Amino acid sequence: EDYGKEITIRHLLPHYSGIGDSGEALQFSIDILMTPKRRWTSDELVDNARRVAPIARPGRQQSYSSSGYYILGKIIEAATGAPYHTIVRREVFQPLRMVNTFEATQEWNGREETFHHYVGWFDLSKHDPSFEFAEGGFVSNASDLVLFGQAVVSGDLFDNAATNEAFIAPYPGAEPRDKYIGLGPFVSKESNGRIAISHSGYWGVFFIVYPETNTVAVMALGQWRAKLAQFWSEARDLAAASFPQAF
């Protein structure tokens, strides 16, 4: 069944659209792996997303979907008349002075070595990054990600205070849970009662913020067998032993 006319931006941002995740679609993954130099267009990515069966009716179930963020990128472009990456730079990177962060397809010069990133044992470092579009696809470093995290902590990420609150709020009417996705980030209540705002990258990157203690942590693993969640858990425990007030 086609629920396209029922889906809103409010559904797309917290992954309540019901759209299936094309990132998990076998044929799309095979196409990416077998054609490393292919330059994907945003229209092609949306067309791929259309071929994936819906998960649920919009608003009924939270299910992570890269496809939804392809659509959000297209909405930004339609509303502004400008390419997605230029809007992100103007609205986020420049105000926060994130001078070491670049959109991988249009802005990154590739002159410097980056961490290798893997899907299983496939090294995708040399693949054209255009298949990510608005669901990811940025090159950054730890210092810039800390700047972003500090903006989340201070409330400077958005001009409107209500937007800052909505950014990490649960979906309206959703059953209360200790872990959920806000308007983009993952939000969780940890065992010590503190709120953690986080997101992992597909390439072994992990970013987490603890607003109550003004703590920002960033890590990356360039190993194809790396267990990111386990590594972060052990790294956090080690850091907490030295800086208990932070974690």
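**View 1. Ser 67 is found in helix α4.** The model shown here is predicted, so local features need pLDDT of at least 70 and side-chain atom pairs count only at pLDDT 80 or more, whereas totals for chains, interfaces and linings use all residues. Residues are numbered from 1 along each chain as its sequence is written, and side-chain values use heavy atoms, with hydrogens and water left out. Helices (DSSP runs of H or I, at least four residues) and strands (runs of E, at least two) are numbered from the N terminus. Ser 67 is buried, because its relative accessible area is 0% (buried means under 20% relative accessible area, exposed over 50% and partly exposed in between, with a 1.4 Å probe and protein chains only). Not counting residues up to four places away in sequence, Ser 67 touches Ile 19, Gly 20, Asp 21, Ser 22 and Ala 49, where contact means heavy atoms within 4.5 Å. The C-alpha atoms of Ser 67 and Asn 214 are separated by 32 Å, and these two residues are 147 residues apart along the chain.

**View 2. Helix α5 covers residues 84-96 and has 13 residues.** From its first C-alpha to its last, α5 reaches 18 Å, close to the 18 Å expected at 1.5 Å a residue; the expected span is 1.5 Å times one less than the number of residues. At Arg 90, α5 bends by about 35°, the bend being the angle between axes fitted to the seven residues ending there and the seven starting there. The buried residues of α5 are Tyr 84, His 85, Ile 87, Val 88, Arg 89, Phe 93 and Leu 96, and what covers them includes α4 (66-80), β1 (102-103), β4 (138-139) and α6. Arg 97, which follows α5, has a positive phi near 60°.

**View 3. The largest nonpolar core has 23 residues.** A nonpolar core is a set of buried Ala, Val, Leu, Ile, Met, Phe, Trp, Tyr and Cys residues joined through side-chain atoms within 4.5 Å. Phe 28, Leu 45 and Phe 131 have the most contacts inside the largest core. The elements that give two or more residues to this core are α2 (26-34), α3 (42-50), α5, α6 and β8, and α5 gives the most, with 4 residues. Apart from this core lies another, of 11 residues, among them Phe 206, Tyr 210, Leu 221 and Phe 247.

**View 4. An open sheet is formed by 5 strands in the order β5-β6-β7-β8-β9, with antiparallel pairing.** Two strands are taken to pair if DSSP finds at least two bridges between them. The edge strands, β5 (179-181) and β9 (215-220), each pair on one side only. Neighbouring strands of the sheet are turned by 20° against each other on average, direction ignored; axes are lines fitted to C-alpha atoms, for helices over the stretch in contact, and angles run from 0 to 180 degrees between N-to-C directions. Helix α6 (residues 142-154) packs on the sheet, touching β7, β8 (205-210) and β9, and the direction of α6 makes about 145° with that of β9. Helix α8 (residues 228-242) lies across β7, β8 and β9 and runs at about 40° to β8.

**View 5. Strands β6 (residues 186-189) and β7 (residues 195-200) pair in the antiparallel sense over 4 bridges.** The bridge partner of Lys 189 in β7 is Ile 195, and that of Ser 188 is Ala 196. The hairpin of β6 and β7 has 5 residues between the strands, and Gly 193 in this hairpin takes a positive phi near 90°. Glu 190 is found in the loop between β6 and β7 and is buried, because its relative accessible area is 17%. Leaving aside neighbours within four places in sequence, Glu 190 is in contact with Ala 196, Ile 208, Tyr 210 and Arg 236. On to the next strand, β7 and β8 also pair in the antiparallel sense over 4 bridges, with Val 209 in β8 as the bridge partner of Ile 197.

View 6. Most residues other than glycine have a negative phi.
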